[in-house]
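The stops below can be taken in order.

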Amino acid sequence: MLTPVCRGCRARAGELVLDLGVQPACDDFPPAGARGPDPTHPLRMWLCANCGLAQLVEDSTTPAEPRAVEPAALVAQAADAVARVAAAGLLPEGASAAEYGSPHGGSWLSLLAGRGLRPVDGDAAADVVVDCFGLMHEADQAEALAARAARLRPGGVLLLQYHSLASIVRHGQWNALRHGHFAYYSTPTVVDLLTAAGLTARTAWRFDLYGGTVLVAAAREGAPDDWLRALVAEENAAGVRDPVVVRGLQHTAERSAAALRDWLVRAAAEGRTVLGYGAASRAVALLCRAGVGPDLLPSIADASPAKQGRRMPGSGIPVISPADLLAEDPDEVLLFLPDLLDEVRAALPSLTARWVVGEPEPRVV
């Protein structure tokens with residue numbers, strides 16, 4: 001392949017660390033009656049040797065994802081994050097606030113308003129600029145980060161939250177790689193990219209969401225605190241810039257896809273009825289690599305009305321409602337979003353099926 005140009009620092013040196021072959025668009029859920037085959041596109045991750053940014057090599061898809069229901073875990077984490085930032089004195093009452101949101105939904109603006117901050121109109125500058133999982137959807141990372149930095153008023157703070165590459169590698173979350181998500185950040189890389197944008201990363205907070213997310217606060221002045229320096233050292237020691245370490249995701253992908261198929265084949269042979277829960281974009285590559293279709297997994301339930309009546313791209317598995325899942329009364333439910341476990345258990349108390357977390361390998365919980 002042609003050598004990519006880094007989306008963050010423009011360097012050309014780097015290595016391919018994860019290749020999932022050709023996959024259907026992870027956010028295109030066709031109507032259940034639409035016949036395939038679905039168009040496929042390369043899905044590969046490249047690690048820049050200069051700044052350490054893990055990134056999507058190319059993306060020829062067009063975003064089309066039906067809006068999902070915001071998970072309770074994400075709502076709770078946002079409230080926790082705002083409380084921690086406020087406790088650090090970075091949300092002064094009366095300050096102005098701007099937000100770069102994720103296309104998957106969710107917003108901090110109401111939480112910030114509850115603490116006396118006021119949202120700005122349009123592209124106006126603000127004292128507090130928030131980006132919660134939004135930056136990764138930008139193809140040009142350097143340009144997008146510069147735009148966020150440019151909106152900061154004097155003395156302002158940028159709050160940048162991301163799914164940590166260290167967590168992705170540690171937990172083998174290879175299917176975090178998907179079309180439309182152009183970048184995967186380690187904290188050392190975020191610090192460097194912020195510096196290039198004229199900002200200094202000053203502190204950070206870590207959360208359990210998605211197996212490990214990080215929120216960094218950056219400004220035009222100041223210096224990193226001890227906690228941020230320790231986090232950078234910890235992630236560097238974990239090998240987040242080492243292509244050999246990050247390439248471990250390739251081996252995990254092969255193992256987890258095989259394990260999923262073997263588990264479903266065994267369940268069918270033993271006469272156990274298995275349905276899925278969580279028609280997530282991250283499940284698309286897993287199901288396709290495992291060669292799982294409706295014969296092994298007849299349907300996947302999802303709380304989003306926008307996804308119900310559609311099917312998973314590539315695998316063709318129908319998406320049903322939680323009520324339909326209850327009516328089917330399966331022996332086991334395969335959960336594709338581990339963060340939803342407590343929420344869906346509480347929402348479906350009459351479901352007697354065993355819950356099985358699907359990644360990195362199926363396990364009963």
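This is a predicted model: local features need pLDDT of at least 70, side-chain atom pairs count only at pLDDT 80 or more; totals for chains, interfaces and linings use all residues.

Aromatic pairs. The model holds three aromatic pairs; two of them are visited here. Select Phe133 and Tyr210 first. Their ring centres are 5.6 Å apart and the planes meet at 55 degrees, so this pair is tilted. Phe133 belongs to the loop between β6 (126-132) and α3 (141-150), while Tyr210 belongs to the loop between β9 (200-207) and β10 (213-219), so the contact ties together parts 77 residues apart in sequence.

Next, select Tyr277 and Trp355. Here the centres lie 6.1 Å apart with the planes at 70 degrees, so the pair is edge-to-face. Tyr277 is in strand β11 (residues 274-277) and Trp355 in strand β15 (residues 354-357), so parts 78 residues apart in sequence are tied together. Both Tyr277 and Trp355 are buried.

Charge over a ring. Select Arg148 and Tyr100. Arg148 lies over the face of Tyr100, 4.0 Å from the ring centre.

The sheet. Return to cartoon view and colour the strands β13-β12-β11-β14-β15-β16, which in that order form an open sheet of six strands with mixed pairing. The edges are β13 (319-320) and β16 (363-364), each of which pairs on one side only. Zoom in on β12 (residues 300-301): this strand runs parallel to β13 and is joined to β13 by two bridges. To finish, pick Ala301, which stands opposite Ile320 in β13.

Note on methods. Residues are numbered from 1 along each chain as its sequence is written. Side-chain values use heavy atoms; hydrogens and water are left out. Rings of Phe, Tyr and Trp (its six-membered ring) pair if their centres lie within 6.5 Å; planes under 30 degrees apart count as stacked, over 60 as edge-to-face and the rest as tilted. Helices (H or I, at least four residues) and strands (E, at least two) are DSSP runs, numbered from the N terminus. Buried means under 20% relative accessible area, exposed over 50%, partly exposed in between (1.4 Å probe, protein chains only). A charge sits over a ring if NZ of Lys or CZ of Arg is within 6 Å of the ring centre and within 35 degrees of the ring normal. Two strands pair if DSSP finds at least two bridges between them.
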